Amino acid sequence: MFSNQSKNTIVHLIKDVVKGEKELENLKQSLILQITDNNVSYQTCFLHLAYEKDRITRNDLEIFLQSQQIRFDQREISMFKYTTYQDFLDLMLPNNQIFLKQYQQKQMNYNNPNSDILNIIGKVLGKNIEIIRKIQAYLDALILRFDKSTLLNYLCPKSDKNIPIFLQLLKNLDLDISFEDIICAMRRLDKDQDSDVNRFDWEEFFKCLKPPKSNQTSIGNLQKQINKQQSSKSINRSESRQKTDQENINSNRNVHFSTMKSSTKSLKKSSSIMEESILEFQLHLLTIGKLYEELDQIKLELSSRGDYSISQVFQFFDLDVDGSIGLQDLKLVFLQLGIDVNDFIIRQLIHNYSSHHSQTQWNLIDFKCLFPETKQNLNNYIGAFSYETKKIIKILIQKYLELIRYKKESTHQLGQDMKNIDIIFNFIDLDQDGIITQDDFKVLDIKGKHILLFFQQFQDYPYQITYNQFQKYFI
């Protein structure tokens, strides 16, 4: 019942937990060395965060996280204990007993923590939040595919009494990891500290999951429009073009196709390869233009949301908080949003919207090419998106992916026969000088903005296109 993709999701969850716990341990060891070298104690650090009270409130923690520029939401910080001094020690003390003994020998120091120590404390808390965020993202992705009961039955398999449940799960996943890595994973996943990861432990994580709501009436007119377009299947991009051109034109491209109906009927009756190739290219340009128009509509809807800012979206995608968004970040966020897409399309998405044409990551400048600037004054907003805003973000990403898939499929179909490219180019090149300009495209009776979108894809030749450049577009 569980596909390899679902099993891999669980494997990545466990591996990311192990990796995060190792990084967290290194931060804790750095912290205890800084505390020792500066004659500080954990107690003075606790009192600093608690504002000299006997406990750290949620408001205290949120203020500290904001001062350290660490993003968070309520469900993430609710997943770890921080209130009492003992809770604080459990969060900050390393698990390595050697470091603990060194600390205990020099514990009688009570200077206030300096900025370097507070910075490391912030990193420890941030790493805890990052690990929790990734766990939640993986579980969010799994709960979209399976009901809770089925998923829990797989995560907690029946095993021999002598074999812990978690080890049986690792065996079922064919995941061969070291004993040290198993301890790291259980340190995070074993919520009740009974030396195993059982049903109770997983249910603690599931308590903080927020499955999609069934009521979508508040998403807005945009969502209704997109759903209507998707349900009507505006263009069948994988079936034979010859049989479906007229149907696609009549049902899905009414704005511009009304002037082409009579000519389309004659083209369908004709067996001319030239006419078919030109019609295919016209449909290609019109569809690309229509998809960009839909992207603009979605961006307009998103930019007007009260809880949206482009910096917040960047942080939402930047799961490892390294200032860039890579392939793994996108794969994990797409899983969380319920978007199923292969690595090739994700790499193509990164490449298409990267200022340095990287196929591995985006920076904030690249990200601004995809998402709109906010209309609200929310540049410093920190918090979770509402369900409606997250839904619009998902729709926007899906539209970008649809654009990439369509362009890839359409250009591949047209480029299968080089004669098609020759026919189209020669038809547009009215003066036969081997170069086509925007004026030449008027012969296709296409809107100027659609032509401009096509030319913008040729960065080296923004105003004119040679045959070689035109040919590369389809290959």
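Reader: Which helix does Glu294 lie in, and why does Glu294 count as buried or exposed?

Author: Glu294 sits in helix α16. This is a predicted model, by the way. The relative accessibility of Glu294 is 7%, and buried means under 20%, so Glu294 counts as buried.

Reader: What makes Glu301 buried, partly exposed or exposed?

Author: Glu301 is found in helix α16 too. The cut-offs are under 20% for buried and over 50% for exposed. Glu301 comes out at 22%, so it counts as partly exposed.

Reader: How do you know whether Phe317 is buried or exposed, and what does Phe317 touch?

Author: Phe317 belongs to helix α17, residues 310-317. With 1% relative accessibility against a limit of 20%, Phe317 counts as buried. Leaving out residues up to four places away in sequence, Phe317 touches Ile325, Asp329, Leu330, Val333, Phe334, Phe367, Phe371, Ile393 and Ile397. Take Asp329 from that list: it is 12 residues along the chain from Phe317, and the two C-alpha atoms are separated by 6.3 Å.

Reader: Let's turn to helix packing. Why are α2 and α7 called roughly perpendicular?

Author: The axes of α2 (residues 42-50) and α7 (residues 115-145) cross at roughly 75° and come within 12 Å. Angles of 65 to 115 degrees count as roughly perpendicular, so α2 and α7 get that description. On the α2 side, Cys45, His48 and Leu49 make the contact, while α7 brings Ile117, Leu118, Ile121 and Leu125. By class, that contact has six nonpolar residues, one polar and no charged.

Reader: How many cavities of 30 Å³ or more does a search of the whole structure find, and what lines the largest cavity?

Author: The search finds one cavity of 30 Å³ or more. The largest cavity has a volume of about 30 Å³. Its lining is made of Leu285, Ile288, Gly289, His450, Leu453, Phe454, Gln457 and Tyr473. Two elements give two or more residues to that lining, α16 (273-303) and α23 (448-455). Sorted by class, the lining has five nonpolar residues, three polar and no charged.

Reader: Stepping back, what is the whole protein made of, and how much of it counts as buried?

Author: The protein has 24 helices and four strands. Of its 475 residues, 49% count as buried.

Reader: What share of the contacts with a separation of 6 or more comes from residues 24 or more positions apart?

Author: Those residues account for 72% of such contacts in the protein.

Notes
Residues numbered from 1 in each chain as written. Predicted model: local features only at pLDDT ≥ 70, side-chain atom pairs only at ≥ 80, totals over all residues. Heavy atoms only, no water. 1 Å grid on protein atoms, 1.4 Å probe; cavity = no way out; pocket = protein on both sides within 12 Å on 5 of 7 lines; lining within 4 Å. Points joined across faces, edges and corners; volume = space filled by probe spheres on them. Nonpolar A, V, L, I, M, F, W, Y, C, P; charged D, E, K, R; others polar. Axes fitted to C-alpha atoms, helices over the stretch in contact; angles between N-to-C directions. Parallel < 35°, antiparallel > 145°, perpendicular 65-115°, else oblique. Contact = heavy atoms within 4.5 Å. Buried < 20%, exposed > 50% of the residue type's maximum accessible area, 1.4 Å probe, protein only.
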